[in-house]
Amino acid sequence: MAPSATILVPTFKSVAKFHHLQNLHRCASSLSAALTKRNELFDEEQRRQREAVGRIEKIEVRYLGLPEDATLVMNRSISTPYNCAQHLSEGHCKRSALALIDGKVPWDMHRPLKDSCTLQLLNFMVADPINVNKAFWRTCSFMLGAALQNCFKDAAGLQLHSFPGPNVKSGSFVHDIALGVKEWQPTNAELRAISSEMVKLAEKDLKIERLEVSDDLAIEMFRDTQYKNEQLPSISQQNQGRVVLYRMGTHIDISRGPMVGSSHFLGKCTIAAVHKIAEESDKDTLFRIQGVALPKGFALNHVAYGTLEKRAKKLNPARLPTESFEESFMQLA
């Protein structure tokens, strides 16, 4: 199979074997309609929140960094760290993956600033990269979900479950999924196809947007997704009835964040392994998809990167989707 091919889970050899899954699998048109509706609701709420700002108030943002510290006058609840970067230089816009507010709060590049603050713009070369590395790893999991949806045919019954909080030391980023098959052992060509899709998303330089919404709206947006609906009550309950969403292109998912500002920060990427987690029901099976990636511009020799790929094949010990969601929410992405 060519790297750009669509995956149909090779366990099934004919359309006839899908008949017992017909009640769960949605046709391509209904999936497309659900995705379109989700994005429309995202756009409407984003627009509503912007209009609700009302009278524009000014805040002072004290930028700390190269080439020199500077004080910027910005708009409360409208201006973002990326807007601040635009006042500095094009280089700041391209290199800055994440912001740090008041020296301690990681902040998305496209998330509006609420109050006067100090601002640092983080790239992958900062002295202490822990915050930007975690955001990058989390973004890789988020992008993997988008890549999987692009790769699988509808007949495979793919449902995105969730992805655990990032742990760079684990050696792999993760996305857990459900498939309408009992077994799936992907070929090397299929793993390369998913890796290729990740790279394609990176090349599109897609802005990654954050939006906090009410639990009612989140439930409406994910009405067609079984696992998200099961998770949303616990998520909203532990966040004062609010749910944080992220969007890249047309892909929308739930995550605490923060994430890096654009898909273009993803460089070399390998989807290294798929592990069967559990048989969720008589129809669905849970799988853990694992990968490893480097930020754009980082280079490792073949041997060193091969060592990372080998490590990424081992089952990631992060929270499993079979664990109690209430108990494990604090570990969520």
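How many cavities of 30 Å³ or more does a search of the whole structure find? The search finds 1 such cavity, where a cavity is a set of points on a 1 Å grid over the protein atoms alone at which a 1.4 Å probe fits but cannot get out. The model is predicted, with local features needing pLDDT of at least 70 and side-chain atom pairs counting only at pLDDT 80 or more, while totals for chains, interfaces and linings use all residues. Residues are numbered from 1 along each chain as its sequence is written, and side-chain values use heavy atoms, with hydrogens and water left out.

The protein chain as a whole comes to 9 helices and 12 strands, these being DSSP runs numbered from the N terminus, with helices (H or I) of at least four residues and strands (E) of at least two. Of its 333 residues, 49% are buried, a term that stands for under 20% relative accessible area, whereas exposed stands for over 50% and partly exposed for what is in between, with a 1.4 Å probe and protein chains only. Among contacts (heavy atoms within 4.5 Å) between residues at least 6 apart in sequence, 72% join residues at least 24 apart.

Rings of Phe, Tyr and Trp (its six-membered ring) pair if their centres lie within 6.5 Å, and planes under 30 degrees apart count as stacked, over 60 as edge-to-face and the rest as tilted. By this rule there are 7 aromatic pairs. Phenylalanine 136 and tryptophan 137 make a tilted pair, because their ring centres are 6.4 Å apart and their planes stand at 45°; phenylalanine 136 is buried at 4% relative accessibility, and tryptophan 137 is buried at 7%. Tryptophan 184 and phenylalanine 287, by contrast, are edge-to-face, because their planes stand at 80° with the centres 6.1 Å apart. This pair links distant parts of the chain, 103 residues apart, with tryptophan 184 in the loop between S7 and helix H5 (188–203) and phenylalanine 287 in strand S12 (residues 285–295).

Charges over rings complete the picture, a charge being counted if NZ of Lys or CZ of Arg is within 6 Å of the ring centre and within 35 degrees of the ring normal. Arginine 111 lies over the face of tryptophan 107, at 3.7 Å from the ring centre, and lysine 268 lies over the face of tyrosine 305 at 4.2 Å. Tyrosine 305 belongs to helix H8 (residues 302–312) and is buried at 2% relative accessibility. Tyrosine 305 and lysine 268 are 37 residues apart in sequence, with their C-alpha atoms 9.5 Å apart in space. Not counting residues up to four places away in sequence, tyrosine 305 touches Lys268, Cys269, Thr270, Val292, Leu294 and Leu300.

How values were computed: 1 Å grid on protein atoms, 1.4 Å probe; cavity = no way out; pocket = protein on both sides within 12 Å on 5 of 7 lines; lining within 4 Å. Points joined across faces, edges and corners; volume = space filled by probe spheres on them.
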